[in-house]
Amino acid sequence: MIASLPRPLWLRASTVVYGLAFFAFLFLPLVVVAVFAFNDAPYPAPPWRGFTLDWFVGHDGSGRTGLFADAAMLGSLWTSVVVACWVTILSVLVGTANAFLIERTQFRGKQALSLLMLAPLVIPGVILGISILAFASRIANLADDLWGLELEFLRPGLPLVVLGQFSYIVSIATLTITARLKRFDITLEEAAYNLGASRLAVLWTITLPYLKPALIGSAAISFLMSFENFNTTLMLVGSDSPLTVMMYGRMREGATPVLNAVSLLLMVASAVLALTMMRGNKPGTSNNTH
Amino acid sequence: MNMSSADPTRQSRHVARLMLMLLLAPALLWLLGLIVLPHVELGMLSMRARVAPRVYEPSLAQFRTFFEEPLYWHTFMRTALMSIVATALTLLMAFPIAWTIAKLVRGHTKSMLFVMCLIPFWVSETVRTLGWMILLRESGVLPALLVWLGVTPAPVELLYHDATILVGLVYTSMLFMVIPLISALESLDDSLIEAAYDLGGNGWSILRQIVIPHAAPGIVAGCIVVFMLTLGNYLTPTLLGGKNSQWFTEQIYTQFITRFNWEQGAAFGFLLLALSTAIVWAGLKLSGQKFGEVMQRS
C-alpha cells in the first residue's frame with residue numbers, strides 16, 4: 001500500500017525485512033569477492049586466515065603470483081581495454097549517424113529500418129557470435145579460393161570480437177543518442193542558418209554540444225558493456241582473450257584469489273566510472289539508466 | 001552560404017541527398033554486414049549436409065538429428081522451462097522492491113535505494129558468478145556457515161543444482177526487471193489507489209484490479225528482456241550448473257567450437273532464435289505492446 005494510507009504494523013515490518021533481505025541478496029556475492037581478495041590462503045574460501053596483499057602485489061618468487069605480476073591476467077585486461085575503446089568509438093560514431101538518420105531524414109522504408117536497428121537487442125549473444133563467425137569465414141574462404149587472398153582479420157580474433165560486440169552495442173548507443181536528439185529544438189539551428197552560419201558551424205557549435213551528455217553517456221555505457229561482454233566474445237575469440245574469457249577459463253580450473261583481486265579492481269573502476277557519469281548527468285535530463 | 005550556382009533549390013536538394021546517403025551508409029553496412037547477411041548464412045549452413053570433404057548438399061538432416069536425439073530436445077525444453085521459471089521468480093522478487101522504491105519511499109532514500117539496485121550491475125557477470133561460486137561451493141561460505149550453525153554435520157555442495165542455476169539467473173537479470181517496473185509503477189497516480197481504498201478495496205483487490213493492469217506494459221517489457229537474456233545466457237548455467245547444467249547455448253558452443261560441426265550448431269542456433277522470437281512475439285501480442293516501445297522502456 002502507498003505511503004499516504006494506513007498500513008498495519010506487520011506490513012510495514014515485512015516491507016523492511018524484505019528490503020533488507022533483497023539488498024543482502026544483491027550485495028552478498030560482491031562482498032565475498034572483495035573480502036576474499038585479502039584472505040591469506042591459496043583458495044578464495046573460508047576459513048579466514050588473516051589479511052594479506054599477496055594477491056595484488058605478490059611476485060613469482062613468493063609462490064603467490066599477485067595480480068600485478070600476473071602477466072597473462074594483465075595482458076587480458078589490456079586486451080579488454082583495447083577492444084572496449086574500439087567498440088566505444090565505433091558505436092558512438094555510428095550511433096550518432098543513426099540518430100541523425102532517424103530524426104532528420106525522410107526516406108522510404110525508414111520505419112522498417114529503425115525497427116531492424118532494435119533487432120540485435122533481442123538476438124541472444126551466442127547467436128550473434130556464431131552467425132558473424134560463420135559469415136566472416138565464408139568471406140575469408142571465398143577470398144582465399146578466388147584470389148588466393150589470406151584475410152587474417154576475418155578469422156577468430158580481436159577484430160571479429162570488436163565487430164561482434166559492436167553489432168549490438170551500437171543499438172543501445174543509437175537509442176540513447178536518438179532520445180536526446182528528439183528533444184532538440186530545431187528552431188535553434190534555423191536561427192543560426194538565418195544568421196549565416198554554415199552547416200558545419202551549426203553542427204559543431206549548436207547540435208553537438210547539445211548532444212554531448214548523450215554522447216558521453218553512450219560512450220560510458222558502450223565501454224562498460226564491451227568490457228563485460230562474454231557470450232558474443234566467447235564465440236569470436238582467437239588467441240588473445242579479453243578479461244571475461246580469461247576469467248571464465250581460470251574459474252573452470254579452480255580459482256585463486258587473484259581472480260578476486262582483479263574483480264575488486266573492476267568493481268572500483270566501474271564504480272568510479274559510473275559515479276562520474278552520474279554526477280556529470282545530474283543537471284541534465286538524460287533519461288536512460290543502463 | 002555561397003549561392004553562386006544557377007539553381008539554389010536544386011543544389012540544396014543535392015546536398016540533402018548526399019547527406020542521406022552518407023548517413024545511410026554506416027547503418028546499412030552494420031545491419032547488412034553484421035546482422036542480416038550473417039543470419040542468412042546461418043540459415044544456409046543449417047540447411048545443408050556434408051556428403052564428402054568440401055561437398056555439401058541441401059538437407060534437413062540437422063533438424064532431424066535434433067528431434068531424434070533425446071539429449072538435444074530435452075536440453076532445449078529444459079532451457080525454455082528454466083528460463084520461464086527464472087523470469088517468473090525475477091518478477092516476484094523484483095515487484096515488492098520496485099513498489100517500495102516507486103511508492104513508499106521519498107526523496108533521498110528513494111534515489112539511494114535506486115542506485116543500490118544498479119550497483120551490482122556495474123560489474124561484469126563473471127565477477128558476480130565468481131561471488132556465487134565462493135558463497136555456494138562445498139568449501140564455500142554458506143556451507144561453512146551451515147556447519148557452524150549446526151544445521152548440517154558436514155559441508156554440503158550447494159553448486160551444481162538446478163536451484164543454484166535459478167539463483168544465478170535471477171540474480172543476473174534482476175536489474176532488467178526492476179527498472180521497467182519502477183517506471184511503470186511511478187506513472188500510476190496515487191489518488192487512484194486512495195480512491196479504491198476509500199471505496200472499500202483491500203490490498204489484494206487493488207493490486208489485481210488497478211496496479212497490475214496499469215503496470216502491465218512494464219511487467220511485459222521486463223519479462224521479455226529477462227526471458228531473452230536468460231535463454232541466451234551461457235556463463236551462469238555452465239559455471240553454477242557444472243556438468244549437469246544442460247543449457248542449450250552450451251550445445252551450440254559444443255557443436256560450433258568443440259566439434260567444429262557448424263551445420264549442426266547453426267541449426268541449433270536457429271532453433272534457439274525461433275524460440276526466443278516466438279516467446280517475445282507472443283508476449284507482445286498477449287499484452288498488446290509494440291516492440292519499439294518496449295525496447296525503449298527497458
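This note goes through the aromatic contacts of a predicted model.

1. Aromatic pairs overall. Counting over all chains gives 24 aromatic pairs. One of them brings together A:Phe25 and B:Trp132, with the ring centres 5.6 Å apart. The planes of A:Phe25 and B:Trp132 stand at 50° to each other, and the pair is tilted.

2. Where that pair sits. A:Phe25 belongs to helix 1 of chain A, residues 9–35, and B:Trp132 to helix 5 of chain B, residues 125–136, so this contact joins two chains. Both A:Phe25 and B:Trp132 are buried.

3. A further partner of A:Phe25. The ring of A:Phe25 also pairs with that of B:Tyr171, at 5.3 Å between centres. Here the angle between the planes is 80°, over the 60 degrees required, so the pair of A:Phe25 and B:Tyr171 is edge-to-face. This pair, too, crosses between chains: it runs from helix 1 of chain A to helix 7 of chain B, residues 162–186, where B:Tyr171 lies. B:Tyr171 is buried, as is A:Phe25.

4. A cluster in chain B. One aromatic cluster is made up of B:Phe66, B:Phe67, B:Tyr72, B:Phe76, B:Phe248 and B:Phe268.

5. Arginines over rings. In chain A, the face of A:Tyr210 has A:Arg180 over it, 4.2 Å from the ring centre. In chain B, B:Arg48 is placed over the face of B:Tyr56, and the distance to the ring centre is 3.6 Å.

6. Points to check in the viewer. A:Phe25 can be inspected with B:Trp132 for the tilted pair and with B:Tyr171 for the edge-to-face pair.

How values were computed. Residues numbered from 1 in each chain as written. Chains lettered and ligands numbered in written order. Predicted model: local features only at pLDDT ≥ 70, side-chain atom pairs only at ≥ 80, totals over all residues. Heavy atoms only, no water. Phe/Tyr/Trp six-rings, centres within 6.5 Å; stacked < 30°, edge-to-face > 60°. Helix = DSSP H or I, 4+ residues; strand = E, 2+ residues; numbered from the N terminus. Buried < 20%, exposed > 50% of the residue type's maximum accessible area, 1.4 Å probe, protein only. Lys NZ or Arg CZ within 6 Å of the ring centre and 35° of its normal.
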